[in-house]
Amino acid sequence: RAQDRYAASAQAYAEALELARSAGNSGEEATALLGLAYAAMFTGDAARAGALTEESLVAARRSQDRLILAQALFFLGWGASNTGAYERAAALSTEALELFAERGEAGEHAEALFVLGTIAVFTADYRRATGLFERSLAERRGRGDEHTAARHLGGLGTALLNLGDRPRG
């Protein structure tokens, strides 16, 4: 998937899903379903991606694997934010954020902050967005991740410009 080979990725995740289900391993089932959801999303099938992620969430809760649970919640929150379901997106992303923090998953924590910042921009809560983007940017830079930090910096600039802080924006 990281190499943009989505058909091969989907095939591998489908095989993994079959193996996980036959082994009765809910955590691996959730992981495979989430992989299929990402492949569907990045090939333009948002509806299928959403359905697969909902299924992944059920399996993740059943498995009690808090990392895959956080990842499924994050992906659902990101998807919901892209469809304008901001209240649901915020609830899912906040739950994911808390789980990432609990597990010490700094990169994914920063991404959850970014999604929450984006939701705040979409809902015209620019002060909250500014704080969320400042935190996500600091976390990315703290990891030396300037490539991804650029996206977070863009979010911060958007929030600041909407607040009227042109020099800083």
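This report describes the nonpolar core, the aromatic pairs and the salt bridges of a predicted model.

**Core**

The largest nonpolar core has 45 residues, and Leu 73, Phe 74 and Phe 133 are those with the most contacts inside it. Seven helices each supply at least two residues of this core: α2 (26–41), α3 (46–63), α4 (66–82), α5 (86–103), α6 (106–122), α7 (126–142) and α8 (146–163). Helix α4 gives the most, with nine residues.

Leaving aside neighbours within four places in sequence, Phe 133 is in contact with Phe 114, Gly 117, Thr 118, Val 121, His 152, Gly 155, Leu 156 and Ala 159. Phe 114, one of these partners, also has a charged residue over its ring: Arg 151 lies over the face, at 4.4 Å from the ring centre.

**Aromatic pairs**

The structure holds eight aromatic pairs. In one of them, the ring centres of Phe 42 and Trp 78 are 6.2 Å apart and the planes stand at 40°, so the pair is tilted. Phe 42 lies in the loop between α2 and α3, whereas Trp 78 lies in helix α4, so the pair ties together parts that are 36 residues apart in sequence. Phe 42 is partly exposed, with a relative accessible area of 43%. Trp 78 is also partly exposed, at 25%.

**Salt bridges**

The count comes to eleven salt bridges. Three of them are listed here.

| Salt bridge | N to O distance |
|---|---|
| Arg 21 and Glu 29 | 3.0 Å |
| Arg 88 and Glu 54 | 2.6 Å |
| Arg 66 and Glu 102 | 2.5 Å |

In the bridge between Arg 21 and Glu 29, Arg 21 counts as partly exposed at 40% relative accessibility. Glu 29 has a relative accessible area of 12% and is buried, because buried means under 20%.

The side chains of Arg 88 and Glu 54 meet in a salt bridge. This pair links distant parts of the chain, with Arg 88 in helix α5 and Glu 54 in helix α3, 34 residues apart. Arg 88 is partly exposed at 38% relative accessible area, and Glu 54 is partly exposed at 31%.

Glu 102 forms a salt bridge with Arg 66. Here too distant parts of the chain are linked: Glu 102 is in helix α5 and Arg 66 in helix α4, 36 residues apart. Arg 66 is partly exposed, with a relative accessible area of 37%.

Salt bridges that share partners join Arg 21, Glu 29, Glu 55 and Arg 62 into one network.

Terms used: Residues numbered from 1 in each chain as written. Predicted model: local features only at pLDDT ≥ 70, side-chain atom pairs only at ≥ 80, totals over all residues. Heavy atoms only, no water. Core = buried A, V, L, I, M, F, W, Y, C linked by side-chain atoms within 4.5 Å. Buried < 20%, exposed > 50% of the residue type's maximum accessible area, 1.4 Å probe, protein only. Helix = DSSP H or I, 4+ residues; strand = E, 2+ residues; numbered from the N terminus. Contact = heavy atoms within 4.5 Å. Phe/Tyr/Trp six-rings, centres within 6.5 Å; stacked < 30°, edge-to-face > 60°. Lys NZ or Arg CZ within 6 Å of the ring centre and 35° of its normal. Salt bridge = Lys/Arg side-chain N within 4 Å of Asp/Glu carboxyl O.
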